[in-house]
Structures are given as structure tokens and as C-alpha cells.
Amino acid sequence: MMIPYLQAEQISKRFADYMLFEDISFTIFKDQKVALIAKNGAGKTTMMEIMAGNDTPDSGKITATKDIKIGYLRQNPDLNPGITVLEQALKSDNPALQVVREFENALKHNDQEAIEHLSSKMDELHAWDFDVKVKQILSQLKIDDFDQRVGELSGGQQKRLALANVLVNEPDLLMLDEPTNHLDLEMIEWLEMYLEKTNCTLFMVTHDRYFLDRVCNEIIEIDQNQVYSYKGNYGYYLEKRQERIEQQQASTEKAQNLMRTELEWMRRMPKARSHKAKYRVDQFQDLKEKAGFRRRDENLELSIASSRMGSKILELEHVSKAYGDLKLIEDFSYKFSRFEKLGVVGKNGTGKSTFLNVITQAIAADTGTIDWGQTIKIGYYRQDGINFKSSEKVIDVVKNIAEVVQFEDGTKMTATQLLTRFLFPPESQYGLVEKLSGGERRRLYLCTILMQNPNFLILDEPTNDLDIMTLNVLEDYLAAFDGCVIVVSHDRYFMDKIVDHLFVFEGDGKIRDFPGNYTIYRNSVEEEEEKALAQEKAQAKESKASAPKPKAQSQKLTFNEKREFEQLEKDIEQLEEEKAKLEHEMNSGELESDDLVQKSQRYSSLTDELDKKELRWLELSEKQ
């Protein structure tokens with residue numbers, strides 16, 4: 001039996017003069033993992049806010065099943081900058097987590113009376129598991145300084161902290177709005193594994209197509225104010241959506257042909273008849289509607305000219321950059337070729353954005369030379385580069401750069417025509433920037449970069465907030481772009497479609513040039529890890545085999561001690577194998593949080609047991 005968790009019934013919402021959606025209805029059922037897909041500006045985030053109870057619709061209603069617990073991760077989390085990481089992670093209405101927060105505060109201030117009192121409350125509420133779990137999740141998300149102030153964290157760290165707070169509350173329904181924004185690839189893959197294995201019901205908005213494909217089992221699409229449901233992942237959705245569109249087009253053509261026949265019949269009707277065959281009249285009106293249907297598939301068209309490029313592009317020689325003891329780039333040299341499509345990947349904090357700022361000379365390198373060709377014109381799409389004035393009109397943003405833009409074929413286009421091509425209809429061009437959605441602002445920013453005719457594009461997280469339809473067109477444009485491209489992105493699908501090799505930032509200033517896209521790189525890393533693990537096991541067996549065996553007829557050991565000694569050797573070998581297996585499982589990112597806590601507790605007790613047995617083995621071996 002399917003249990004409805006959250007139901008939207010005929011929801012409508014208007015923003016100023018613009019209708020976001022009207023009479024939209026759908027239901028989220030228990031155990032579903034649902035993604036919501038729609039174009040930028042269609043109100044996806046507004047819909048999430050309404051479903052979470054943080055906003056109200058103009059009409060319609062939201063019904064939540066009684067007593068279900070909802071966890072909601074906003075696209076831009078609202079955190080308290082003045083409290084510690086652990087305090088923020090433990091913020092909750094959950095009584096167990098509230099006690100854990102009080103207990104941690106008592107420990108911090110060494111309040112023995114409060115510690116004693118709260119310890120008993122922790123026992124009553126079974127809160128010790130929560131204390132372990134929140135620290136485990138924070139550690140898995142690479143947040144290790146629990147006493148650090150939230151305001152001191154980077155944007156990526158704050159997103160991970162907000163995610164930890166949502167996950168530790170163990171909601172029945174988990175709502176995520178663009179959860180992969182600001183997460184590096186390692187964290188995205190961890191979250192992907194976590195959500196794939198967890199039993200909670202999921203409702204999310206994401207543009208990350210690999211993430212969507214691997215996590216979700218149903219997709220809800222809002223298209224031209226109609227709701228379409230697809231019971232499958234992203235690949236299934238693409239297939240069935242195309243079938244639906246082709247069916248609609250075929251139905252429209254058929255309706256147009258039928259309508260010609262019906263129109264002729266209507267015209268031949270005797271003028272004196274006071275009534276027509278009603279079923280034929282009704283059928284005519286129905287056909288008229290179908291025949292008049294037109295899909296308004298407004299696709300973003302990108303064909304702006306790129307400036308001509310000479311033989312010299314960009315040459316880096318022995319470039320280094322560090323901040324104190326933190327090495328980000330060390331003695332790096334590279335000569336760019338024409339038409340290169342390069343991806344930049346690595347963990348947060350390894351220097352990816354610094355590298356872009358160094359090569360564009362926004363930040364000075366410590367050592368080395370950076371030599372750009374004279375014909376190179378850079379288009380730099382910065383992650384935080386959107387600085388439009390909220391009170392500015394959309395049309396003025398473009399006109400401030402150029403009144404007219406020239407295209408590849410020599411044709412020219414006015415600012416109004418250009419904005420229309422970038423999916424800003426004339427009626428919205430004279431609206432204020434403040435009325436644009438996050439995705440629409442990024443699309444406008446992209447327009448201002450490309451209209452300057454660059455021949456060397458540098459894109460720092462260009463996919464954030466863009467809808468999937470816009471991403472498809474941007475990918476096609478970049479694949480055919482007659483120039484060089486450097487992309488820093490956490491979007492694996494985007495990277496796989498665009499780049500032909502990678503700069504992998506491995507930390508400590510090391511940058512590896514890998515030939516291939518991101519999926520090829522990840523496969524090679526997994527193969528290397530498997531080989532290294534097999535090698536470790538082989539070496540462990542060899543060292544055990546070559547270790548000195550106890551003397552069979554020792555006169556110094558008693559009979560019972562000899563038996564104990566032999567058993568210790570067997571026990572130690574078994575424990576070491578179990579320890580290695582646990583380490584591999586805990587580092588895999590595939591464990592659910594409960595399993596992770598359980599295995600980490602076993603790992604701790606196993607380590608103590610192994611230490612004791614090894615110590616006893618040494619004592620007995622000395623007697624031989």
C-alpha cells in the first residue's frame with residue numbers, strides 16, 4: 001500500500017505580475033525518491049519552500065501526513081555565524097539532540113553537576129548514539145574542527161554543515177534544494193552513496209544529472225504548467241519525455257487534418273437549422289483546441305562569434321603559489337594548445353579557484369611566468385561574479401556592454417534580440433534584476449560573458465542553478481566552441497560531455513595532467529585503490545609467513561602458555577584481517593550512517609583487543 005507523505009493540491013503562486021505555476025497537483029509517497037524538474041524561473045525553489053511549510057500558495061493547499069518529520073536543506077542554508085560547528089549541527093526540535101547539545105556544552109565548561117544530570121537524561125533518551133552519529137557524519141563530510149565558528153567556514157563547508165544537521169535528525173521525508181551546489185566531487189559521491197542506500201523518502205531539486213540518475217526512482221516535470229510523472233531515473237525520463245513530445249506533435253498533426261474535415265462539415269450545415277448535432281459540435285471544439293496546440297520549446301541559442309586566435313595561447317613556466325605553509329601550486333609548467341577543452345578537479349581547498357585567479361593574474365604568483373598570446377581574449381565566468389544592481393533593468397545590463405552584438409555569420413543583433421535569444425522575452429527585459437530567479441541571473445551573467453566574443457573561456461562552476469535544458473545547450477555550444485575552454489565544475493555529466501583532459505589538484509601543490517574525462521579518471525582511481533589494497537594484503541601475508549615461528553619444544557614455556565601462544569598468533573591474524581576490512585568499508589562512502597557508527601565502534605574495540613593480544617604475544621615470545 002502506497003502511503004502519501006506530502007500532497008500538493010491545485011497549487012498556484014504568482015510573483016508580482018508573473019505567474020510561476022497554476023493549479024499544480026502531485027503527491028510524494030513513502031519510500032519514493034523523487035526529483036522535480038522544470039525550467040529556470042518556473043518556481044522550483046518556491047515550490048520547495050511551499051511544500052516545506054515556509055511559504056504559502058496563493059491558492060490550493062498542502063497536506064502532510066500526520067506526525068511525519070520533514071528535513072529540508074535549502075539551496076542557500078540560513079546558519080548562525082556566531083555559534084560553533086557542533087552547536088549548529090545539533091540544532092533541532094528533537095529532544096535527544098537537544099540533550100546532546102546541552103551535554104556537549106556542559107563538557108565544554110566542565111560543569112560536573114550538569115554532566116551528571118544530563119548523562120542520566122542521555123541514557124533515558126538513548127541519545128549517546130546521536131552524539132556519536134553527528135560527529136561521524138561531520139567527519140565523513142570533512143568537518144573536523146567542532147569548535148570552529150560557523151562564520152569562519154567557507155561556502156562549501158557551510159553547505160556540508162547544513163546537510164549534516166538535516167541528516168542527523170533522521171527525517172521521514174528529506175527535501176533537498178540543489179544539494180550538490182558548493183560540494184566538491186568527493187562529497188557529491190559520498191552523498192550519492194548515502195542517499196542511494198538510505199531508507200528515507202526523498203524529494204529534491206537538482207541539475208546534477210548523474211546524481212539524479214543514480215539516486216531517484218521517479219521524476220516529476222512541470223512543463224508549460226502541466227505536471228508529468230515518470231516512474232524511473234533520469235535516463236528513463238529522457239526516453240519517455242521524448243516519446244511524449246513526439247506523441248503530442250503527432251496528435252496535433254492528426255487533429256489538424258481531422259479539423260479540416262470537421263470545418264468543412266460545419267460550413268456545409270444548413271443555415272436554417274436551429275440546432276446542430278451536439279456531439280459533432282463538441283468534438284469540433286475539442287479538435288480546435290488540439291489543432292491549436294503548439295509546444296513552446298524555447299531553446300537557448302548560443303552562436304556568438306569568438307575572436308580569432310593566434311598560435312601562442314597561454315604558457316606557464318615554473319609557477320608556484322602558497323599561503324604560508326599551505327602549498328596550492330608548486331613548480332607547475334604547461335603550454336596550452338588551440339581548441340583545448342580542459343577540466344579542473346580536486347577537493348575543496350586544494351587550489352582550483354586560486355589557479356584560475358593566478359593564470360588570469362587577478363592574484364600574483366609567488367614564482368614563475370604566465371605568458372598570454374596577444375590575440376587571446378578571455379571570458380571569465382566567476383562563481384561569485386554576479387554583481388548586477390538589483391534596481392537595474394535586465395535590458396540595461398546588456399546595453400551597458402554593447403548595444404549591438406555580431407554573430408559568427410556576420411549578422412548583427414540588438415540587445416533586445418540577444419536577450420530574447422537567451423530566453424528573456426520582451427515583456428521581462430524591462431523588469432528589474434531583483435525579480436529574476438537564481439538560474440535566470442546566471443543565464444544573464446553568461447550572456448554578458450559570451451557577448452564580448454572571447455576566444456578563451458574560463459568557467460568556474462558554470463552549472464550552479466542552471467536548469468537542465470539550458471545546460472544541454474551550453475554543452476553543445478562549448479563542444480563546438482572555436483577556442484580554448486577551462487572548466488572548474490562539480491557536475492560530472494557536464495565535464496564528461498565537454499573536456500578531453502583534466503588537471504587533477506591532488507593537494508600539497510601537486511597538479512596531475514590526466515588524459516580523459518572525469519568518469520575515465522574515477523575508474524582509474526578505483527582500479528589503483530583496488531590494486532593498492534590487494535598489494536597490502538599480499539605484503540601482510542608475506543610478513544606473517546616470514547615472521548619467526550615459536551619453537552615447538554620450548555622448555556621455558558609451560559604447556560598452557562605454548563597453547564596460548566599458538567592461539568594468539570591465529571587471533572592476531574584474524575583481527576588484523578577484520579581491521580583492514582573495516583577500514584576499507586568505512587572509507588568507501590557506501591555505508592549508511594547507522595552502519596558507519598556501528599562499524600566505527602567495532603573498529604575502536606577491535607583496536608584495543610588487538611593491542612592487548614600483541615602485547616601478550618610479545619611477553620610470551622621473550623620467554624622462548
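Contacts first: among those between residues at least 6 apart in sequence, 69% join residues at least 24 apart. I took contact as heavy atoms within 4.5 Å.

Ground rules, for the record: this is a predicted model, where local features need pLDDT of at least 70 and side-chain atom pairs count only at pLDDT 80 or more, while totals for chains, interfaces and linings use all residues. Residues are numbered from 1 along each chain as its sequence is written, and side-chain values use heavy atoms, with hydrogens and water left out.

Overall make-up. I get 20 helices and 20 strands, taken as DSSP runs numbered from the N terminus (helices H or I, at least four residues; strands E, at least two). Of the chain's 624 residues, 46% are buried, where buried means under 20% relative accessible area, exposed over 50% and partly exposed in between (1.4 Å probe, protein chains only).

Cavities. How many cavities of 30 Å³ or more are there? I find one. For the search, a 1 Å grid was laid over the protein atoms alone, and a cavity is a set of points where a 1.4 Å probe fits but cannot get out. Points are joined across faces, edges and corners, and the volume is the space filled by probe spheres set on them. The largest cavity comes to about 80 Å³. It has 13 lining residues (an atom within 4 Å of a point), and Ala38, Lys44, Thr206, Asp467 and Ile468 are the closest to its centre. The lining splits into six nonpolar, three polar and four charged.

Helix α1. Lys44 turns up again here: α1 spans residues 44-51, and six of its eight residues are buried. Those are Lys44, Met47, Met48, Glu49, Ile50 and Met51. After α1 comes Gly53, with a positive phi near 85°.

Ser92. I found Ser92 in the loop between α2 (85-89) and α3 (95-108). Ser92 is buried, at 13% relative accessible area. Leaving out residues up to four places away in sequence, Ser92 touches Leu97, Gln98, Arg101 and Asn169.

Cysteines. I count zero disulfides, a disulfide being a pair of cysteine sulfur atoms within 2.5 Å. Cys447 is buried at 0%, and Cys484 is buried at 1%.

How values were computed:
1 Å grid on protein atoms, 1.4 Å probe; cavity = no way out; pocket = protein on both sides within 12 Å on 5 of 7 lines; lining within 4 Å. Nonpolar A, V, L, I, M, F, W, Y, C, P; charged D, E, K, R; others polar.
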